[in-house]
Amino acid sequence: MIDCPVLIVGGSLVGLSATCFLAAQGVRPLVVEKHAGTSIHPRAGHFHLGTMEAYRRIGLEQAILAASREQFGPDGGINLVESLAGRELAQFIPDINAGVEPYSPSRRFFMTQQSLEPLLLARARELGARLSYQTELTGFEQDGEGVRAAVRDLASGEEREIRTRYMVAADGNRSAVRKALGISTSGPGWLSDSITIYFSADCRPWLEGRKMGVIYVKNADQRGFFRFEADGTRGFLAVNTLGDLALPGAKDVAGDLSPERCIALVRSAVGVPDLAVEIEDVATWKAEAICADRWREGRVFLAGDAAHVVPPTGGFGGNTGVQDADNLAWKLAKVLGGEAGEALLDSYEAERSPVARLTVEQAYARYIRRVTPEEITPQTPEMIDDLAIEIGQLYRSSAIIGGRREGEPACLHPDEARGRSGARVPHAWLAGGRSTLDCAGDGLALLAAPQADAWLTAAADFDLPRVTLPTDAARQCGLGATGALLLRPDGFVAWRSDEADDTARALRHALARLLQRA
C-alpha cells in the first residue's frame, strides 16, 4: 500500500504541470504514467501568456525562455501558404508577441513538448514530487475518505495499491478514468482523422529570413500545418484533410501511412517535388472539438484533454490544460492543508468548464475558418481576440465574491475585465522586477492602494501577505485611493472593495466565504 495526498494519472504536459503546481505549494503528489518517460514527439508547440505566467510562479520562466529561443528564436508568426516555396495566402499573426507588453510580464513562446516536459519533470523532482513511469492504472474505487487505486508496473508486472485523498485524471483525450466514471462529452465532435509526419529535410532555403512559427498549408493535395526546428532541417507536418473536401475519404488522412505517401505529402507542402525527405515517424490522431459534461466525480477530477479536446488551431489545447492544473492545484493544497473546506473544490468545475467550452468553440471556429472554409455556415462562431481566451477568463463560483454576471461571456479582453472580481489581476510592474501577478505566491495576498492603511492593518491580523501598490499600479487594477483586493495563487482576483469601513470584519467574512470555512 502506497499513501499519497494526490494521485495524478498521466505524466505528460498537464500531469507534470499539476505536479509542479501542487509541489510548489507543499503537496507531494504521486504521478503514474504508462509510458517509459516524457514525450518523444514535439506535439504542443505554441504556448500562451497565461501558461508562461503560471510557470513563472514556480521558477521555470527563464529556463523555458532559454530553451525556446535555442529551438525557435524569440518570436514568430502564424501564416498560410500554398506551399513553403510557393505563394503566401494569408498572415494570421505577424508576430506572436506584438503588443503583449502592457498586459503581461511574460511572453508567448514556441517550444516542443518533448523539450518542455523534461524541464517540468526536473522541477517536479526538485520540489519533492514522486513519479512512477511505466506504471498503468488498472482500476480504482472511492469512498468518503479517499480513492483506492490499483496500478501495474509494466516492466515487472508487479501490482500495487495506492491510497490517496484525491485523484486527478490527466490521462488524455481517450481518458480511461473519464470512461470509468461514465462521464459523457458534447460539442461539435469529430472533424477528421489526421496524421502528423515527423521528418528530416533541408528546408533552409525557404525559411531563411522569414519569421514563421506555425505555417498553415492549403493546396490541392492537403490542408494542415508545419512546425520546424530552428535549423530548418527537421520538423513535422500535421495533415488534417486531403485537398478536395468533396472527394470521398478527404477527412480520412490516416487511411494510408505508407512512406511513399508521407514523402509525397511533405514534398507537396514544401512545394519541391524532388526534395530529399526522410520520414522519422508518423502519428495518427483525431481532430475533435468536445468537452466533458462533468469535471468531477467525488474525489476524482478531470484535467487537460481528459476534460476537453480541441483541434490544434490556435494552440489552445495544452494551454487550457495547464491552466486547469493551475486552478485546481491551489484549491487542493488549501483543502489538504486544512485552510479551506471541501466545498472549495466545487469551484474548479464551476470556473474552468465555461472557459473550456468557449475555448473549444473558438478552436473549432479557427479550424473551420482556416482549414476547411468551405464548411463555414451562419452558425459558425465568430472568432474572438486571442488575448481574451489567454488571459481574459472571467470566473463565477463560490471561490469568487462578485465575478462574472449571468449572461456574460466566460472570457473578455483584459481591457474590459480590468481586474474585476473573477478576472486575472492586471499586470503592473512593481519594485524589484516583480509584477502584480507575482504577489500571491502559495496563498492569498492583499493588494492595497496607497491610502488603504485600514485594509493593510486588517490583513496583518489574518497573517496575509500585504502589498502596497504604487498609484499607477493601483489604477491599473481598478482600485480607488483606499481600495484593496484579494489575489489568489493562480493570479485571479477573489474579492475587492473600495470601502474602508469595518475592514477587519469585512475581510474575515470574505476569507471565510472564499475558503468555504464554516
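In the predicted model, the side chains of His 308 and Asp 324 are joined by a polar contact of 2.6 Å, where a polar contact is a pair of N or O atoms within 3.5 Å, of which, within protein, one must be able to donate a hydrogen and the other to accept it, residues adjacent in sequence counting only if both atoms are side-chain atoms. His 308 is buried, with a relative accessible area of 2%; buried denotes under 20% relative accessible area, exposed over 50%, and partly exposed the range in between, with a 1.4 Å probe and protein chains only. Leaving aside neighbours within four places in sequence, the residues in contact with His 308 (heavy atoms within 4.5 Å) include Ile 290, Cys 291, Trp 295, Thr 320, Asp 324, Ala 356 and Val 360. As this is a predicted model, local features need pLDDT of at least 70 and side-chain atom pairs count only at pLDDT 80 or more, whereas totals for chains, interfaces and linings use all residues. Residues are numbered from 1 along each chain as its sequence is written, and side-chain values use heavy atoms, with hydrogens and water left out.

His 308 is found in strand S18, strands (E, at least two residues) and helices (H or I, at least four residues) being DSSP runs numbered from the N terminus. Strand S18 (residues 308-309) runs antiparallel to S15 and is joined to it by two bridges, and within this pairing His 308 is the bridge partner of Cys 291. Two strands are taken to pair if DSSP finds at least two bridges between them. On its part, S15 (residues 278-292) is joined by 13 bridges to strand S11 (residues 185-200), the two running antiparallel, and Trp 190 stands opposite Glu 288 in S15.

These strands belong to an open sheet of eight strands with mixed pairing, in the order S5-S4-S12-S13-S14-S11-S15-S18. Strand S5 (88-93) and S18 stand at the edges with a single partner strand each, so one side of each is left without a neighbour in the sheet. Elsewhere in the sheet, S12 (residues 212-218) and S13 (residues 222-228) pair in the antiparallel sense over four bridges, with Ile 215 opposite Phe 226 in S13.

Helix H1 (residues 13-24) is mostly covered, eleven of its twelve residues being buried; among them are Leu 13, Val 14, Phe 21 and Leu 22. The end C-alpha atoms of H1 are 16 Å apart, which agrees with the span of 16 Å that its twelve residues should cover at 1.5 Å a residue, the expected span being 1.5 Å times one less than the number of residues. H1 is followed by Gly 26, whose phi is positive, near 90°.

Positive phi values also occur at Gln 134, at about 50° although this residue is not a glycine, and at Gln 516, at about 55° although this residue, too, is not a glycine. Gln 134 lies in the loop between strand S7 (130-133) and strand S8 (135-142) and is partly exposed, with a relative accessible area of 34%. Gln 516 lies in the segment after helix H14 (503-514) and is partly exposed, with a relative accessible area of 26%.
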